[in-house]
Structure formats: structure tokens, C-alpha cells
Amino acid sequence: MTDSDPYRLLGQIIITFQHLEDCINETIHLLVQAKDEEMSRILVNELDNSARLKTVDVLFQRFTSVRTGSFEKENKGFHKLVSELQNLGTRRNEIVHSKYFNWTSADGAEGLLRQNSRLRSSKGVREELEEELLPKELWEDLRKLNNAYGQLESYRLKIIDWLHSAEPA
């Protein structure tokens, strides 16, 4: 199995997303500042990814609103990041809940054919979706995840600094 094996890349995307979710959870725990961290862990455990992202976005805005200083830039940046994380969550669900088949492009490149179906109740139909995936597309998904993870980690470290600064930020 090589670094460009499509199945290996799918696994890397799924594992990277799990690390991203852990970072979101840790950010929520920091923002809540509960004396009993298990209390916030219990609540976070029951949230799906979408609800978790909405929660961390609102908590961040609340956290900065009770601090001294201007956080407009951080609030806008964090909200933008949460929107990107929501898109990445949608992509992760597409990846996890699909069927895969080996596929070779017209120029001989080996990749995967991703198939998924979705019910469109408003139209009364089942929509069949297909996507041809070459390793370069999977590397791009992984790049986006790693970029978002880096940004989230940066905000998490800012929160830690703000919590432990000698005076409120």
C-alpha cells in the first residue's frame, strides 16, 4: 500500500476528521470552563457534529463577549472556520456513507468510483450520485482537513492564553 493508495487516503481522511472532532470537543471544554470537566464531556458526547459546531461557535462568541478588548476579528475568523468545518463534515459523511469501486481513468490513472444515493422526498425520487476520485482529489480533501485542524488548534491555543493571562484579554 503506497501513500497514494486511494483506500489508504480514505482512511487518513476519516482518522484526521476524528482528530478534528477531538479538537472541537477540547475547545468546547475550554470555553465552558466547568470545574467538573466530565459535565461538559457528557453533554458534548450527545451532540452530533453539526450541533457540536453550532455550540462551539456560540460558546466562542460568548467567551469573547465577556472579556475586555475587541475580538471582532477573532469572532469573524472563528465563525468562518466553523462554516468551513461544517462543509468538511458534510464531505466526511459523503465519504463514510458511500460505496467504493476500483476505477481507472481514461488516461490509465487508478482511483475510486464513489457511489451514494440520497432520497429527495420533495421530488419523490432516490437520487444516485457518483464521483470519480483520483488520489489528487483525496489529497486535496486531506489538505483542507489539515488546514482547518491547524486553524482550530490556533484558536484553541489562543483560548488557553486568554484563560491564563494575568489580566483579561
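Is Glu128 buried, partly exposed or exposed? Partly exposed, because its relative accessible area is 42%. Keep in mind that this is a predicted model. Let me start with helix H5.

Helix H5 runs from residue 135 to residue 164. That is 30 residues. From first C-alpha to last, H5 reaches 43 Å, close to the 44 Å expected at 1.5 Å a residue. What covers them?

Now the aromatics. The structure holds six aromatic pairs. Take Phe60 and Tyr155. Their rings sit edge-to-face, 5.6 Å centre to centre, with 90 degrees between the planes. This pair links distant parts of the chain: Phe60 is in helix H3, Tyr155 is in helix H5, and they are 95 residues apart. Phe60 counts as buried because its relative accessibility is 0%. Tyr155 is at 11%, so it is buried as well.

Phe60 has another ring partner, Trp162. That pair is tilted, at 6.1 Å centre to centre and 45 degrees between the planes. Phe60 lies in H3 and Trp162 in H5, so the pair ties together parts 102 residues apart in sequence. Both Phe60 and Trp162 are buried. Step back, and ring pairs link Phe60, Phe63, Phe71, Phe78, Tyr155 and Trp162 into a cluster.

Stay with Trp162 for a moment. Which side chain reaches its backbone oxygen? That of Arg67, at 2.4 Å. Arg67 sits in the loop between H3 and H4. With a relative accessibility of 17%, Arg67 counts as buried.

A quick stop at helix H2, residues 37–45, where we find Glu37. The side chains of Glu37 and Arg41 are joined by a polar contact of 2.3 Å. Glu37 counts as partly exposed, at 39% relative accessibility.

Next, charges. Side chains of opposite charge can pair when their charged atoms come close. How many salt bridges does the structure hold? Twelve.

One of them is between Glu94 and Arg91, with the closest N and O atoms 3.3 Å apart. Both are in helix H4, three residues apart, so about one helical turn separates them. Arg91 is at 16%, so it counts as buried. Glu94 is at 21%, so it is partly exposed.

Over to the strands. Glu131 and Arg114 meet in a salt bridge of 2.8 Å, N to O. Glu131 is in strand E3 and Arg114 in strand E2, 17 residues apart, so described as a link between distant parts of the chain. Arg114 is buried, at 6%. Glu131 is partly exposed, at 21%.

Back to Glu128, as promised. Its salt-bridge partner is Arg126, and the closest N and O atoms are 2.6 Å apart. Arg126 counts as exposed, at 53% relative accessibility. Elsewhere, salt bridges that share partners join Arg91, Glu94, Arg114, Glu131 and Asp141 into one network.

Technical notes:
Residues numbered from 1 in each chain as written. Predicted model: local features only at pLDDT ≥ 70, side-chain atom pairs only at ≥ 80, totals over all residues. Heavy atoms only, no water. Helix = DSSP H or I, 4+ residues; strand = E, 2+ residues; numbered from the N terminus. Expected span 1.5 Å × (residues − 1). Phe/Tyr/Trp six-rings, centres within 6.5 Å; stacked < 30°, edge-to-face > 60°. Buried < 20%, exposed > 50% of the residue type's maximum accessible area, 1.4 Å probe, protein only. Polar contact = N/O pair within 3.5 Å; in protein donor to acceptor, adjacent residues only side chain to side chain. Salt bridge = Lys/Arg side-chain N within 4 Å of Asp/Glu carboxyl O.
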